[in-house]
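The sequence and structure are shown first.

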Amino acid sequence: YFSEAPNLAGSGSSESASSSSTSESKRPVPARSAFMCFSEAKGKEIVDRSGDDGSKGGFVEGVAAEWRSLSKQDRAHWENVSKQDKTR
């Protein structure tokens with residue numbers, strides 16, 4: 001098995017590797033939720049403002065707290081962004 005590993009990385013198998021990644025890229029991507037749209041757009045800003053060290057837990061906590069504090073109008077905006085994402 002290990003003796004075959006270098007051959008897999010060689011030029012002979014690059015065609016099969018690229019066709020594999022091509023078929024994966026054709027898979028439909030699930031639509032993002034309103035929270036995910038919000039988190040992608042505002043996450044870095046929220047973490048920077050909070051002064052957190054950038055850990056995953058701190059990021060999630062900060063974004064979730066901000067999401068919960070959104071007004072109905074602001075949350076409706078992100079719901080619309082999510083609906084637009086579903087139509088792609």
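Predicted model: local features only at pLDDT ≥ 70, side-chain atom pairs only at ≥ 80, totals over all residues.

Serine 82 belongs to helix α5. Beyond its neighbours within four places in sequence, serine 82 is in contact with Arg32, Ser33, Ala34 and Cys37. The C-alpha atom of serine 82 is separated by 9.1 Å from that of phenylalanine 38, although the two residues are 44 residues apart along the chain.

Aspartate 85 is also found in helix α5. With a relative accessible area of 9%, aspartate 85 is buried. Leaving aside neighbours within four places in sequence, its contacts are Pro30, Ala31 and Arg32.

## Helix α5

Helix α5 covers residues 72-86.

The buried residues of α5 are Trp78, Ser82 and Asp85. These residues cover an arc of only 55 degrees around the axis, which places them on the same side of α5. On the other side of the helix, Lys72, Gln73, Lys83 and Gln84 are exposed. The packing partners of the buried residues of α5 are α3 and α4.

## Helix α3

Helix α3 runs over residues 34-50 and has a kink of about 55 degrees centred on lysine 42. Just after this helix, glycine 51 adopts a positive phi of about 75 degrees. The buried residues in α3 are Ala34, Cys37, Phe38, Ser39, Gly43, Ile46 and Val47, and the elements covering them include α4 and α5.

Three of these buried positions can be described through their contacts. Alanine 34 touches Trp67, Trp78, Glu79 and Ser82, when residues up to four places away in sequence are not counted. Serine 39, which lies in helix α3, counts as buried because its relative accessibility is 9%, where the limit is under 20%.

Neighbours within four places in sequence aside, phenylalanine 38 is in contact with Gly43, Ile46, Val63, Glu66, Trp67, Leu70 and Trp78. Its C-alpha atom and that of valine 81, which is 43 residues apart from it along the chain, are separated by 8.8 Å.

## Helix α4

Helix α4 comprises residues 56-68. Its 13 residues should span 18 Å at 1.5 Å a residue, and the end C-alpha atoms are 18 Å apart, so the two values agree.

Within α4, the buried residues are Gly58, Val63, Ala64 and Trp67. These buried residues pack against α3 and α5.

## The nonpolar core

Which residues make up the largest nonpolar core? This core has 8 residues in all: Ala34, Cys37, Phe38, Ile46, Val63, Trp67, Leu70 and Trp78. The elements that contribute two or more residues to the core are α3 and α4, and α3 gives the most, with 4 residues. In soluble globular proteins, nonpolar side chains tend to be buried together.

Phenylalanine 38 is in contact with Ile46, Val63, Trp67, Leu70 and Trp78, among others, while alanine 34 touches residues including Trp67 and Trp78.

## The protein as a whole

The secondary structure comes to 5 helices and 0 strands, and the order of elements from the N terminus is α-α-α-α-α. Of the 88 residues in the protein, 18% are buried.

Among contacts between residues at least 6 apart in sequence, 59% join residues at least 24 apart. The accessible surface of the protein is about 6,900 Å², and carbon and sulfur atoms account for 54% of that surface.

Notes:
Residues numbered from 1 in each chain as written. Heavy atoms only, no water. Core = buried A, V, L, I, M, F, W, Y, C linked by side-chain atoms within 4.5 Å. Buried < 20%, exposed > 50% of the residue type's maximum accessible area, 1.4 Å probe, protein only. Contact = heavy atoms within 4.5 Å. Bend = angle between axes of the 7 residues up to and from the residue. Arc of directions from axis to C-beta. Areas by Shrake-Rupley, 256 points an atom, 1.4 Å probe, with all protein chains shown as cover. Expected span 1.5 Å × (residues − 1).
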